[in-house]
Amino acid sequence: MSTRQKRVLVVGMGQMGQSHALAHHAFQDSEIIGLVNRSRKAIPDALSAYPWLESFEEGLALKPDLVVIATYSDSHADLAIRAMEAGAHVFVEKPLATTVDDVERVVATAKANNRKLVVGYILRHHPSWTRLIEEARNLGGPYVFRMNLNQQSSGTEWDIHKALMQTTSPLVDCGVHYVDVMCQVTDAKPVRVQGMGLRLSDEIADDMYNYGQLQVVFEDGSVGWYEAGWGPMMSETAFFVKDIVSPNGAVSITDANKGASADIDGHTKVGGLLVHRPDGDQWIDMPGEPGHQDLCDAEQRFVIDAITNDTDLTRHMQDAVTSLHICLAADESIRTGKPVTL
């Protein structure tokens, strides 16, 4: 067990990269050795003293223990592989990659080089969401999962979404979080996926869609749907549905439709859970929920502890592969018009 400071390189200084860097700035067992971004941009004052690097190669030359990757999705796989082959552990924002082959290549590299690989599934570090999963599992399956996150974005938020859609659809970018929740609840293998999507804006590429929905069938008979839409045209009516039904009742997030759908702190807030059984309902209040920065802190603390304590992350990596495989299969289904058997 090593207790020395971990040398941390943060790659990509957008919203998420800045939040992860702020986490390591606050940790006594982390030392930020560089921030990588292709161009200068405004960053929090707390980060202004750290070296600003324009290339990934410059960063790797500094021999980091941990590389935090928060760039656009299509670069995740190659950057993660290069970092691990250079001897670093890796935290990478979701999605881990944009193709199934790349996902498997990244995981294989982590195993071959005995490196820790953590994917940014922020809900895994949220006490309200872990309670949701616990309550659903207590009900027993098979399950019906009803989930969405639609974002009525404009201005800067719409610009961010359009940039993301140069490589990744909302269904894949956001869907991996909530499909991962489905997988944790049912613990069964997915067997079939179908998707549908629509391009609702001339401001995005002809081969991209900014609204999508997937349906997934699991080996235990559980079924689920997830929808995601981005853009100024999206409705804010029922934009945040999180509902899990079983033969013995249901558990639902009922206190989430507050504020604007584009508010990043609102995407993880639960407020409370309603557990319904045929013999009565139970309300579970979830006060003092963590905000976005708190959750980024928790993610980076998990990474540092995994490195320090040599935590076995085999299941974490496999879960990341499974949830992304489902979302990518839905994307394939949308583009081909055919269901995908896994």
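Biologist: Which residues of H8 are buried?

Modeller: This is a predicted model, where local features need pLDDT of at least 70, side-chain atom pairs count only at pLDDT 80 or more, and totals for chains, interfaces and linings use all residues. Residues are numbered from 1 along each chain as its sequence is written, and side-chain values use heavy atoms, with hydrogens and water left out. Buried means under 20% relative accessible area, exposed over 50%, partly exposed in between (1.4 Å probe, protein chains only). In H8 the buried residues are His-292, Leu-295, Cys-296, Glu-299, Gln-300, Val-303, Ile-304, Ala-306, Ile-307 and Thr-308.

Biologist: What span does H8 reach from its first C-alpha to its last?

Modeller: Helices (H or I, at least four residues) and strands (E, at least two) are DSSP runs, numbered from the N terminus. H8 covers residues 292-309, 18 residues. The expected span is 1.5 Å times one less than the number of residues. That gives 26 Å, and H8 comes close to it at 26 Å.

Biologist: Which helix is among the elements that cover the buried residues of H8?

Modeller: Contact here means heavy atoms within 4.5 Å. The cover includes strands E1 (6-11), E2 (30-36), E4 (66-69), E5 (89-92) and E6 (117-119). It also includes a helix, H1 (15-26).

Biologist: Where is Leu-200 placed?

Modeller: Leu-200 is partly exposed, with a relative accessible area of 39%. Its place is the loop between strand E8 (190-198) and strand E9 (211-218).

Biologist: What share of the 342 residues in the chain is buried?

Modeller: The chain has nine helices and 15 strands. Its buried residues make up 55%.
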